[in-house]
Amino acid sequence: MLAPLWAEGRSGSDSKRMKIVISSHPRLLHILRGVVTYRAQHAGFTPADVDSMTVAISEAAANVIRHAYKDRHDGFLALEILTLPDRMEFILEDSAPKVQPEAIRSRPLDEIRPGGLGTFFMNSYMDKCTFDEHFAKGNRLIMVKYLRGKASTNDESRSTKH
Amino acid sequence: MKVEVRNINQVSVIDCTGDVDLYSSTTLRETLLNLMRSGIPNVLVNMADVTYIDSSGIATLVEGLQLSRQTKTHFGLYALRRNAKSVLALARLDKVFAIFSSEQEALEKIPTTLPFGGL
């Protein structure tokens with residue numbers, strides 16, 4: 001069964017939060033992209049930023065499938081999306097074995113060879129990409145994108161930045 | 001994603017339609033690398049209908065670029081959309097590939113593109 005397991009948007013004051021869960025099959029990545037694109041457009045991001053965020057989230061999910069689940073399709077990916085006045089936050093969780101962020105480091109750009117760009121795109125396109133080291137089961141990656149002109153002046157560490 | 005090949009004189013044009021991502025890039029990879037190995041002197045990828053491309057798709061194009069240098073195949077891309085232009089530029093690959101704005105320009109210039117596989 002390759003369809004999304006479930007998706008929900010919460011009502012009332014929490015209507016800017018939604019969560020979508022898919023199985024760890026790359027055929028389903030386009031569903032995550034569609035949701036991210038839709039939510040980012042409605043949050044007021046520029047078309048270029050919408051594209052960028054969509055690439056970043058899709059790359060993060062692809063990394064989970066390839067590197068955490070090692071191309072197994074029987075796992076899950078849960079993407080929670082929060083739309084806030086100044087930013088969007090994306091929380092991507094899985095139940096795969098822990099991945100060391102340094103193990104998926106991007107390649108130097110002057111090395112023209114296939115691969116090694118996914119993490120680079122994530123870090124370049126998002127304002128923050130942080131692994132939650134305290135997440136007990138699996139991996140939790142938190143990605144943040146600010147609306148232009150509303151970036152936090154209290155910038156935190158970007159643990160996957162290199 | 002759909003991949004179709006047209007032959008125009010000595011040029012093979014790969015028409016890609018849809019998303020080129022972790023799931024679908026293998027289809028493009030097989031077509032691209034098989035064409036390179038077939039001895040055809042010029043290969044173009046028509047990106048006009050590529051709605052999305054990720055690092056897997058970029059890796060496929062880079063692999064094609066590398067093989068084109070071995071097989072001495074002229075290799076280029078044309079009609080890139082915003083997403084493809086953005087990721088190639090960010091990865092500093094926009095100056096590595098031979099990139100044309102249209103099929104007409106690509107067909108005119110690809111046989112003279114040197115060295116093989118772009119810059």
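1. Contact between the chains. In this predicted model, 26 residues of chain A and 22 residues of chain B make up the contact (heavy atoms within 4.5 Å). About 2100 Å² is buried between chain A and chain B, with carbon and sulfur atoms giving 64%. Buried area is the accessible area (1.4 Å probe) that two parts lose on being put together, summed over both.

2. Chain A and chain B share 3 salt bridges (a side-chain nitrogen of Lys or Arg within 4 Å of a carboxyl oxygen of Asp or Glu). One of them joins Arg33(A) to Asp19(B), at 2.8 Å from N to O.

3. The chain A side. Helices H1 (29-43), H2 (47-68) and H3 (118-125) of chain A each supply at least two residues of the side that touches chain B. Helices are DSSP runs (H or I, at least four residues), numbered from the N terminus. H2(A) gives the largest share, 9 residues.

4. Confidence. The complex has an ipTM of 0.87 and a pTM of 0.85 from the predictor. Chain B averages a pLDDT of 92, and 94% of its residues score at least 70. pLDDT is the predictor's confidence in each residue, from 0 to 100.

5. Conventions. Residues are numbered from 1 along each chain as its sequence is written, and chains are lettered from A in the order in which they are written. Local features need pLDDT of at least 70, and side-chain atom pairs count only at pLDDT 80 or more, with hydrogens and water left out of side-chain values.
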